[in-house]
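I opened this entry to note what I looked up in the model. I start with one residue and then step back to the chain.

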Amino acid sequence: MSDILKHIEENPKETRRLIGLEYEQLQQLIGNAERLNYEKQAFRESKKIRIIAGGGGRKPKLSVKE
């Protein structure tokens with residue numbers, strides 16, 4: 001988890017000062033972004049024709065939430 005995300009989760013009252021959104025708005029934004037990312041990823045996976053089993057390749061450095 002990144003330092004800024006960890007700091008915001010530990011101090012939700014400072015969220016407005018740090019990024020200009022209320023904590024609840026940030027949580028909604030993160031939830032919507034995660035949902036859209038999973039939908040987009042599922043769509044991409046449904047269109048692929050795999051020769052080699054999935055799961056290979058480089059792992060992402062940041063999570064969807066970050």
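The model is predicted. I began at Thr15, which sits in helix 2, residues 15-19. Is Thr15 buried or exposed? I found a relative accessible area of 0%. The cut-off for buried is under 20%, so Thr15 counts as buried.

Next I looked up the contacts of Thr15. Leaving aside neighbours within four places in sequence, I listed Ile8, Gly20, Leu21, Glu22, Tyr23 and Leu26.

Then I turned to the whole chain. I counted 3 helices and 0 strands. Along the sequence the pattern reads α-α-α. The radius of gyration is 16 Å, well over the 11 Å that the globule rule gives for 66 residues, so the chain is more spread out than a compact globule. Along the principal axes, the C-alpha atoms fill a box of roughly 50 × 20 × 15 Å.

I checked burial and surface as well. Buried residues make up 8% of the 66 residues. The accessible surface comes to about 5,900 Å², and carbon and sulfur atoms hold 55% of that.

For charge, I noted 14 positive and 10 negative side chains. The centres of the two sets lie 10 Å apart.

Last, I looked up confidence. The mean pLDDT of the chain is 86, with 98% of residues at 70 or more.

Terms used: Residues numbered from 1 in each chain as written. Predicted model: local features only at pLDDT ≥ 70, side-chain atom pairs only at ≥ 80, totals over all residues. Heavy atoms only, no water. Helix = DSSP H or I, 4+ residues; strand = E, 2+ residues; numbered from the N terminus. Rg over C-alpha atoms; globule rule 2.2 N^0.38 Å. Buried < 20%, exposed > 50% of the residue type's maximum accessible area, 1.4 Å probe, protein only. Areas by Shrake-Rupley, 256 points an atom, 1.4 Å probe, with all protein chains shown as cover. Lys, Arg positive; Asp, Glu negative; His and termini not counted. Charge placed at Lys NZ, Arg CZ, Asp CG, Glu CD. pLDDT = per-residue confidence, 0-100. Contact = heavy atoms within 4.5 Å.
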